[in-house]
Amino acid sequence: MSGDLVETAAGTVRGTSERGVWAFKGIPYGADTSGDGRFRRALPPEPWPSVRECFEYGPSCPQVGYEQLIGAPFVAEAESMMGVLGQERVTGEDCLVLNVWTSSLDETARLPVLVWLHGGGWSIGSASAPLYDFSNLCRNNGVVTIGINHRIGILGFMDVSRLDDSFADSGNVGMLDVIAALRWVREHISAFGGDPGNVTVFGESGGGAKTSTLLAMPESRGLFHKAFMMSGAMPEAQTPDVAWNKTANVLGRLRIESDWQALQAAKVGHLIEAAAGLPGTAGGVVKRGEAFSPVIGPSLPGHPLDLILAGNAREMATVSGCTTDEMLAFMLFDPDLWTLGIDSVVERLEPVLGDQAQKIVSDYQAIRPDDSPSSLLIAIATDAKFRIPHIRMTEAKIEAGGMPAYVYAFGWGYGDPNGVIRSLHGTDMPYFFDNLEKAPAAAGPHAEELVKVMSGSLATFAHAGSPNHEALPLWPAYTLDRRATMRFDAAPTVEDDPLGAERGCWRGITLNGLGGA
């Protein structure tokens, strides 16, 4: 094909081009998942007879609202200032679509491929946010980038396998959608200038957790070759019994009981309402976990941590890390945050840590005697949900042997009311993505250097399997003795075993990261 047309197995697609980058938005990689397709593996997309104009993003998966999940309102300015969406523009069960950005439509170009898994936990979001426009990343770094929409929440991860054998993988169809998209990449990406033999999956928040889960899934082997996990990991999946208890709750709310045909015929809005009504859903992401997330079953035969320890990710190099104050982003609407007493810190941590909350708070007080209760809360919650799960997944990969693993921490930020510099959840993305245009809140005199070092690391990793490049000091692979960690800040530095004393406090305590409750 010539110009802005590309042939796929289901039909021809037309994209748009601007400043040397082609964009193809809303390309179907799977069939409509409504009706008989609900809770089942995706089928191939229906062919289209004429040229399909891929100029606009496709539908997002139907989902609960931001406030229902987080337990706090969405800040309206976040869309214009950080390029994230508080509400999806169009939703529907015909949501298995992907977006491609590329600087070449030459099949011989063989550019490295980056496949993006969006954030929003397991319950909200899509690949359609302005921040996820990867034009600059492609234009400046010689990569092809794909963003994927897939089933999430109740539609992606409710286990109804006990209703009928045909739903054996229903608890993981959201992840199986991702695998279907990766198969599409393998079959088609060369026509978009990409190299199907050099595919890196990267994701942030829920997307990082999805990436860590993908590493553990046997069906993903050979479909991607490297992984870059940002601010999200899932060491433990839901057990079938825990998952079924939630399913039974939903079926009771819908008054469907065991009628799976009625479940497939139910209005999708009624499913979303039932999911939102599950106990503990409001604010669930900052408590024990979300209602729906991957379930141990045929396509995920164990906990991701155990499967990676057993060697499922040996052949893949990885990068993982998080910001230094992830959880502050979810606490900003707590009116008492900056005036807390220590007893209130324990109380706020009990939904996450249960009867271990008091012990952990006491341990952190001993290590950080000058920290305020607010600082202790932010540090402990960030470690529990993000930093320690990332470290444990990395440790498991290292113990299994194979390709190297690299770890980073993002520390650039702004002062809190007490003058402490804080780096919140999601604030690293504009620099990794080279997308300050869509996130002007991240701009400033510091930004150019951060973009250079951080997007350079992501792109170099996609090209060569190592994040090292000329704008960085040498970034050693993570080892269990040195624990070298790249700190992205006003100037990048390497730190050995940062917050090592705090890391030691978590021995023997089970953490599920961004996994389900």
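1. A pocket here is an open set of grid points with protein on both sides within 12 Å along at least five of seven lines, and its lining residues have an atom within 4 Å of a point. With that in hand, the second largest pocket of this predicted model has a lining of 30 residues. Nearest its centre lie T324, R387, A409, R487 and L499.

2. By class, the lining holds 11 nonpolar, 10 polar and nine charged residues. Helix α13 makes the greatest contribution, giving seven residues. The elements that supply two or more are β11, α13, β12, β14 (421–422) and β15 (484–488).

3. Now to the sheet, where some of these elements turn up again. It is open and mixed, with 11 strands running in the order β3-β4-β6-β8-β7-β9-β10-β11-β12-β15-β16. Because β3 (16–18) and β16 (493–496) each have a single partner strand, one side of each is left without a neighbour in the sheet. On average, neighbouring strands are turned by 20° against each other, direction ignored.

4. Please take a look at the pair β11 and β12. Residues 317–323 (β11) and 405–410 (β12) are joined in the parallel sense over six bridges.

5. Helix α6 (residues 206–216) touches β7 (111–117), β9 (194–204), β10 (226–230) and β11, and its direction makes about 130° with that of β9. Helix α13 (residues 373–400) touches β10, β11 and β12, at about 165° to the direction of β11.

Key. Residues are numbered from 1 along each chain as its sequence is written. This is a predicted model: local features need pLDDT of at least 70, side-chain atom pairs count only at pLDDT 80 or more; totals for chains, interfaces and linings use all residues. Side-chain values use heavy atoms; hydrogens and water are left out. Two strands pair if DSSP finds at least two bridges between them. Helices (H or I, at least four residues) and strands (E, at least two) are DSSP runs, numbered from the N terminus. Axes are lines fitted to C-alpha atoms, for helices over the stretch in contact, and angles run from 0 to 180 degrees between N-to-C directions. Contact means heavy atoms within 4.5 Å. On a 1 Å grid over the protein atoms alone, a cavity is a set of points where a 1.4 Å probe fits but cannot get out, and a pocket is an open set with protein on both sides within 12 Å along at least five of seven lines; lining residues have an atom within 4 Å of a point. Ala, Val, Leu, Ile, Met, Phe, Trp, Tyr, Cys and Pro count as nonpolar, Asp, Glu, Lys and Arg as charged, and the others, Gly among them, as polar.
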